[in-house]
Amino acid sequence: MTPRIALLTRLYEAYNKGDFDAFAAELDPAVDWPDQIGGGRILGVEAMRAFWTRRDGMVRVEAAPMDFTVLKDGRIAVATNQTVHNLEGRLWSDSRVRHIYTFQDGRVSRMDIVEYLDEA
């Protein structure tokens, strides 16, 4: 397992446990992240904390990585099964998506989401 894949494995574990501090430890302070709820982008760890808190008040999301692919430009694509439940536990969606990660100084600096069948 490469250091970047190990980092992403820790990132997904923290995400699924709801451990924001462990999650944020893997992010560049100026991280650029997609806002799947409101659209647009979230910039910076503190904005991520606010997004995380807002999201947890609306839905529960779990992302299970299925496959890691190192792209030619050094980014890593992760084929992911993503489930979204409402706060009562009812399944809203169960889909496969591809997360594309960019790195800077040993941390995640950007994440993008594309449909699973799209090419990265």
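Strand 3 (residues 59–70) and strand 4 (residues 76–86) run antiparallel and are joined by 11 bridges. Here two strands pair if DSSP finds at least two bridges between them, and the elements are DSSP runs numbered from the N terminus, with helices being H or I of at least four residues and strands being E of at least two. The model is predicted: local features need pLDDT of at least 70, side-chain atom pairs count only at pLDDT 80 or more, and totals for chains, interfaces and linings use all residues. Residues are numbered from 1 along each chain as its sequence is written, and side-chain values use heavy atoms, with hydrogens and water left out. Within the pair, V61 stands opposite V84 of strand 4. The two strands form a hairpin with 5 residues between them, and G74 in the turn has a positive phi of about 95°.

Helix 1 comprises 15 residues, which at 1.5 Å a residue should span 21 Å; the end C-alpha atoms are 21 Å apart, in agreement with this value. The expected span is 1.5 Å times one less than the number of residues. Buried residues of helix 1 are I5, L7, L8, L11, Y12, A14 and Y15, where buried means under 20% relative accessible area, exposed over 50%, and partly exposed in between (1.4 Å probe, protein chains only). Just after helix 1, G18 takes a positive phi of about 75°.

The largest nonpolar core has 28 residues, of which L8, F23, L27, W33, Y101 and V108 touch the most other members. At least two core residues each come from helix 1 (3–17), helix 2 (20–24), strand 1 (27–34), helix 3 (45–56), strand 3, strand 4, strand 5 (91–104) and strand 6 (107–115). Helix 1 supplies the largest share, 7 residues. Such a core is a set of buried Ala, Val, Leu, Ile, Met, Phe, Trp, Tyr and Cys residues joined through side-chain atoms within 4.5 Å. Not counting residues up to four places away in sequence, L27 touches L11, W33, V45, M48, R107 and V108; contact means heavy atoms within 4.5 Å.

V31 lies in strand 1 and is buried, with a relative accessible area of 0%. Leaving aside neighbours within four places in sequence, V31 is in contact with I42, L43, G44, V45, M48, V108, S109 and R110. G44, in the loop between strand 2 (41–43) and helix 3, is buried at a relative accessible area of 11%. G44 and V31 are 13 residues apart in sequence and 4.8 Å apart in space, C-alpha to C-alpha. S109 of strand 6 counts as buried at 12% relative accessibility. Its contacts, not counting residues up to four places away in sequence, are D28, A30, V31, D32, T102, F103 and Q104. The C-alpha atoms of V31 and T102 are 9.6 Å apart, and the two residues are 71 apart in sequence.

The largest pocket has a volume of about 340 Å³. Of its 24 lining residues, Y15, Q36, R55, V61 and Q82 are the closest to its centre. Strand 5 gives the most to the lining, with 5 residues. Pockets were found on a 1 Å grid over the protein atoms alone, as open sets of points where a 1.4 Å probe fits, with protein on both sides within 12 Å along at least five of seven lines; lining residues have an atom within 4 Å of a point.

Notes
Points joined across faces, edges and corners; volume = space filled by probe spheres on them.
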